[in-house]
Amino acid sequence: VHPRYHTLIVDAASRLPWKDAVLSHAGAVVALLGVLIGPWRVNIDHALPTAHSLDDVWPQLWGLLAAILFVAWSARRSRVVLGGALWGFAALLPTQSVLVREDLIADRMLYLPMAGFALAFVGLLTHVGAAVLRRWPRAGPVGPPIALAMVLTLGVSTANRNLVYGSEAAL
C-alpha cells in the first residue's frame with residue numbers, strides 16, 4: 001500500500017526477467033549455503049553473476065536438490081533436523097524470492113536462516129553421535145575432546161578472519 005514499497009517492488013520486478021530471477025536466486029541459495037559450510041567464503045562483496053540460462057546454474061541446482069533430498073532423508077530420523085532445515089529455507093525466502101535485489105547475495109542474508117541451519121546441524125550431530133555410541137560404546141569419552149577441538153579451531157579461525165575487518169586496506 002505504501003508508495004515507496006510499491007516503487008521498490010516495481011523496480012525489483014523490472015530488474016530481470018522472471019526466468020533469470022528464478023535461476024539467479026537458485027544459484028544464490030547454493031552460494032549462501034556454501035558460506036555456511038565453508039565459513040572462509042565470507043566476503044564483503046560476493047559479486048554473484050546473474051544467470052540467464054539453465055547452463056549457468058545446473059551444478060547449483062543439483063547441489064540444491066542434493067541438499068533437499070538429504071534433509072528429506074534425515075527428517076525420517078530426526079524432527080530437529082527437519083525443523084531446523086525448514087526454518088533455514090523459509091527464512092531465506094524473503095531475500096531469495098523472485099524479486100531481485102541490487103546484490104543477489106550478502107552474508108547478512110544468513111543471519112536468521114543460520115539459526116535454523118545450525119539447529120539442523122546440531123540435530124544431525126546428535127543423531128550421528130548416538131548411532132556411533134550404539135555401535136561403539138567405548139567411543140563415549142572421545143566426544144568432549146572432539147567438541148573442544150572444534151570449538152578451539154572455529155574460535156581461532158574467527159579471530160583470524162576478524163583481522164580482515166581491522167582496516168580498509170586489509171578488507
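Tutor: A salt bridge is a side-chain nitrogen of Lys or Arg within 4 Å of a carboxyl oxygen of Asp or Glu. Please keep in mind that this is a predicted model.

Student: By that rule, what does the count of salt bridges come to?

Tutor: The count comes to one salt bridge.

Student: Which residue forms a salt bridge with Lys19?

Tutor: Asp20 does, and the closest N and O atoms of the two are 3.6 Å apart. In general, side chains of opposite charge can pair when their charged atoms come close.

Student: Is Asp20 buried or exposed?

Tutor: Asp20 is buried, because its relative accessible area is 8%, and the cut-off for buried is under 20%.

Student: And what about Lys19, how is it classed?

Tutor: Lys19 is partly exposed, since its relative accessible area is 44%.

Student: Where is Lys19 found?

Tutor: Lys19 belongs to helix H2, which covers residues 18–37.

Student: Which residues is Lys19 in contact with, leaving aside neighbours within four places in sequence?

Tutor: Those contacts are His52 and Ser53. As for Ala51, which is 32 residues apart from Lys19 along the chain, the C-alpha atoms of the two are separated by 9.0 Å.

Student: Let us turn to Asp107. Where does it lie?

Tutor: Asp107 is in the loop between H4 and H5. Asp107 is buried yet has no salt bridge.

Student: Why does Asp107 have no salt bridge?

Tutor: The nearest side chain of opposite charge is Arg161, at 6.2 Å.

Student: Which residues does Asp107 touch, not counting residues up to four places away in sequence?

Tutor: Asp107 touches Val35, Val42, Asn43 and His46 on that basis.

Student: How do the residues of the lining of the largest pocket divide?

Tutor: There are 28 nonpolar, six polar and three charged residues in that lining.

Student: What volume does the second largest pocket have?

Tutor: Its volume is about 410 Å³. The second largest pocket has 14 lining residues, with Gly129, Val142, Gly143, Ile146 and Ala147 nearest its centre. H5 and H6 are the elements that give two or more residues to this lining. The largest share, six residues, comes from H6.

Student: And what classes of residue does the lining of the second largest pocket have?

Tutor: It has 11 nonpolar and three polar residues, with no charged residues.

Student: One last residue. Where is Ser74 found?

Tutor: Ser74 is part of helix H3, which covers residues 54–75.

Student: Is Ser74 buried or exposed?

Tutor: Ser74 is buried, because its relative accessible area is 2%. Beyond its neighbours within four places in sequence, Ser74 is in contact with Val81 and Leu124.

Technical notes:
Residues are numbered from 1 along each chain as its sequence is written. This is a predicted model: local features need pLDDT of at least 70, side-chain atom pairs count only at pLDDT 80 or more; totals for chains, interfaces and linings use all residues. Side-chain values use heavy atoms; hydrogens and water are left out. Helices (H or I, at least four residues) and strands (E, at least two) are DSSP runs, numbered from the N terminus. Buried means under 20% relative accessible area, exposed over 50%, partly exposed in between (1.4 Å probe, protein chains only). Contact means heavy atoms within 4.5 Å. Ala, Val, Leu, Ile, Met, Phe, Trp, Tyr, Cys and Pro count as nonpolar, Asp, Glu, Lys and Arg as charged, and the others, Gly among them, as polar. On a 1 Å grid over the protein atoms alone, a cavity is a set of points where a 1.4 Å probe fits but cannot get out, and a pocket is an open set with protein on both sides within 12 Å along at least five of seven lines; lining residues have an atom within 4 Å of a point. Grid points are joined across faces, edges and corners, and a volume is the space filled by probe spheres set on the points. Lys and Arg count as positive and Asp and Glu as negative; His and the chain ends are not counted.
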